[in-house]
Amino acid sequence: MSAERRSSRHAVVLLLIAQLAVMLPLLTVLPLWLLVIWGAVAWWYWKIVTAAYAMPVPPVKFALVALAALGIYLEYRQLLGLEPMVTLLVLAVALKLLEMKTRREHWLVLMLCYFLLGCRLLFDQQIIDVLLAVAQLCALLVAQQSLFRERNAVVPSMRLAGVMLAQALPLMLFLFVVFPRIGPLWTMPMPGSKAKTGMSDELRFGDIAELSRSGALAFRVSFDGPPPARQDLYWRGLVLEEFDGKTWRVNKFGRWSRPQAPVIERNAAREYTVTLEPGVHSWLYTLPVANISRNDLVYAGAYQWAPKQPLSGRLQYRVYSNTAQPRTEVDMMMLRRNLRLPEGINPQSRALAQRWSQQYATGNERLNAALRFYLQQSLIYTLNPPTLGEDSVDAFLFQTRQGFCEHFAASFVFLMRAAGVPARVVVGYQGGEYNATDNYLLVHESDAHAWAEVWLEGSGWQRVDPTALVTPDRLRLGAESLLRDQQGFLAGSPLSLRRFAWANTLRLYMDNLNYAWARWVLNYDRDSQSLVLVDILGLVTPQRLIIALLLCGGLPLLLYAVVVFLPGRNRSGDLATRYYMQACQQLAKRGVGREPGETPRAFLQRVERSAPEWAPWLRELTQCFEGQQYHSEKSAEDALKALRRLRRPRKVASSAKGVGKT
Amino acid sequence: MQSEQQLLRDVSAEIGRIVLGKERQVQQALCCLLAGGHLLIEDLPGVGKTTLAQTFAIVTGLQFRRVQFTSDMLPADILGSSVFDRNTNAFHFHPGPVFTQFLLVDEINRATPKTQSALLEAMAEEQVTIEGETRLLPRPFFVMATQNPLFQSGTFPLPESQLDRFIMRISLGYPDARSERQLLEGGDPREQMSGLSARLSVEQLLALRERVKQVEVRASVVSYIQRLIAFTREDAEFAFGLSTRAALALLQSAKAWALLEGRDYLLPDDVQAVLEPVAAHRLQSSADSRADGRELVQRMLAQVSVLV
């Protein structure tokens, strides 16, 4: 193995370690058989390196590539998609080992490893993933250095890798803050296997409570004028009309009937922009009655809006809303649908509702009866309601009496339907965190909410929020403040007080950390960037941007250039020469300067004649330097160390062994 | 390494017995021989050019021929010619003086350019083509040419392209007083030459040349050579820069010098030592400067930094 063209075994081992380090975290999203393949290829490559096997011939390589492609197809049944593509890349990086002959290719594989490292961040960007990426970077940097180091020194390599990372950090932060957030150039298929938090198109008891635990941002809304009052912020997502006794579902056929979008009186309308956080979006959130004029977003009936095809990434749309407009969209099918209940469940509730329907003639009266019932029933709003049995509405209303918003809404709708009043469940978000300085609203997943809608003859669909009836704070303070109280309440359970107290604190702390990460890092988008820039610059104009860039980027570079190109202080690219020249400069300060055209040996001879007190030291230095620079006999690294040690002039030689040899 | 150095020291000491006080020039000539190039000695008549050459030839043990160039000389006088043999009715080739291992060309600039170029071609290619037939010259083939300074009358100065073929040009100069006195007291040096003996065989010489090729050259010295060459091409004092052949000659001579110094690796000191003999005769100052080749070389040595 010639030293020039092929990499040392040490470098090979480090490359394999680096590959493994990059691949292992990817296996949380990619199939496990990749590890087996990588192991086999690495073993094969090791055999090639130790000259036991030859490099595979082209037909074998083609067969391997074909097998890899087949494996991917069998795993995913498709090739287009994020996971198959990353799998393909991992396989390519692994198989490249089998034709890695030159240092250049070694270098290439290392670079591909960096790319894979970046690919991992397509799937997850939590703090833990970033810390992992830093560790992987260290491994890669060590492997990269092994290509150039003569000695197999892992510890100095690690140290250098750390230094390099630390040096890159300010640049990284700078770029993070100012680098333009360019919108996606193409739509990337989102990772599919991972369940995203967010609304689903069906509702079981406990779903929204689950969603409320997430601190993630759902969307932002910026209003053109003043925002509506908090209790009016019912962000309508989707309407659930089908109930099978356990689960509430969207009416699948609503969308196919191509309903006519409601006409909004523009003068009375409120105008605002909604920006959904990245994710897969199957429906949109609006304040009814709303209208969106965009070709790829369509009206889905029941005052719902949805994209034609599920859209991924960040989605922004403009909405016109008139919350005062009566909701009168109705047809016979719809009314019949919204009265339908499965037979034979929740007999207690059904009996109650039938009493109402006999007692009161109009829907309005029945509704008031139900509202009175909810107020009298002393129901408790809690994030962690007890599990309910088969007849869940009965269990909630008459036994446990503890529930989250979906319990309230769903049971209310059940009662209303049983009492002969058309009713349906609406799911969406309620409220939001208002940012007064910039006039926009942050709506988090924890603001997820469910409420009821009732059809009243004469006035159309009316929103009824039984949750708000029972806990008016839900509207006044938002879910978060209530939620916090809930957790405090739960921690008070007597048996496991101490054991859970610290765990809870830790969890809360981690939650906070993740929340901060999400808020400040992951959600740092074009908007927040421009906000930051406004904070720094006051007013973002091209001139100011250019000046800021010049100050931050140009000035340091200019200083660096001055330091580097200042005459007399030119720094050599070669480390040994730099040490030697530094020593000569030090000696020049003490009165003995080397001419540029003077060779080290000629300089030594002159010093021996004119300033013999420096001669022993300079002799040692010169021998060291000549040995390192012009002669390969000595170990270059040892000589470098010695040169480093000898940089300061002394009047006595540091060791006796260097002296001699005329 | 030791034996080679001993051998080379022995050779120069033996030459030094006759050529007094010219140690440096002897070293330079030896360097030229080891580097596989040809040597041009430029000096006034009578300062020992021929003595140096003859002593050199004897001590190095090479087959020696001498040609005195005159203005009526023809190429055939050096290369040889075919002569009709009446007995065999055929042409027989009579090799000229060039077919030798060590050729001393006296006063090369007295011959016409035609003759000069015939010799110089032989030097460059180590073979001659006479009447359509190519004949190889013996190996080693070493030419030592002398020339009188150009201001002397009756000379045809060698053009730059032909000067370039000599790897080195040296001059002897007047001997110092002590050596001259020693010489005057010692009697006729020509007589003393009979006491000389060959200290080097052809095999040894070829082996030494092999050793020169193996001298280790690190990138930093190569870049120093490149900087030197680049300086002549960029600096305003120079009429024109040094050629790539000059750079090669510099590297080759420096390697031989390193071997003479007893080292198997090249130092910038070696390059500096051979720079003047290698570069001075190839350089010309630009019109607005009156520096001669030696001053230009001094300028190169002073201004081009050894370390970067």
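1. A salt bridge joins the side chains of A:Arg236 and A:Glu453, with N to O at 2.8 Å. The term salt bridge is used for a side-chain nitrogen of Lys or Arg within 4 Å of a carboxyl oxygen of Asp or Glu. A:Arg236 belongs to strand β3 (residues 234–243) of chain A and A:Glu453 to strand β17 (residues 448–456) of chain A, so the bridge ties together parts 217 residues apart in sequence. Helices (H or I, at least four residues) and strands (E, at least two) are DSSP runs, numbered from the N terminus.

2. This is a predicted model, in which local features need pLDDT of at least 70 and side-chain atom pairs count only at pLDDT 80 or more, while totals for chains, interfaces and linings use all residues. Residues are numbered from 1 along each chain as its sequence is written, chains are lettered from A and ligands numbered from 1 in the order in which they are written, and side-chain values use heavy atoms, with hydrogens and water left out.

3. Buried means under 20% relative accessible area, exposed over 50%, and partly exposed in between (1.4 Å probe, protein chains only).

4. A:Arg606 and A:Glu598 also meet through their side chains in a salt bridge, at 2.6 Å from N to O. Here A:Arg606 is partly exposed at 25%, whereas A:Glu598 is buried at 11%.

5. In chain B, B:Arg294 pairs with B:Glu276 in a salt bridge whose closest N and O atoms are 3.2 Å apart. The two residues link distant parts of the chain, B:Arg294 being in helix α13 (residues 293–303) and B:Glu276 in helix α12 (residues 268–279), 18 residues apart. B:Arg294 is partly exposed, with a relative accessible area of 31%, and B:Glu276 is partly exposed at 29%.

6. Salt bridges with shared partners join A:Arg236, A:Glu241, A:Arg327, A:Arg337, A:Arg424 and A:Glu453 into one network. Over all chains, a search of the whole structure finds 34 salt bridges.

7. Chain B contains 13 helices and nine strands. Of its 308 residues, 53% count as buried. Among contacts in chain B (heavy atoms within 4.5 Å) with a separation of 6 or more, 78% are between residues 24 or more positions apart.
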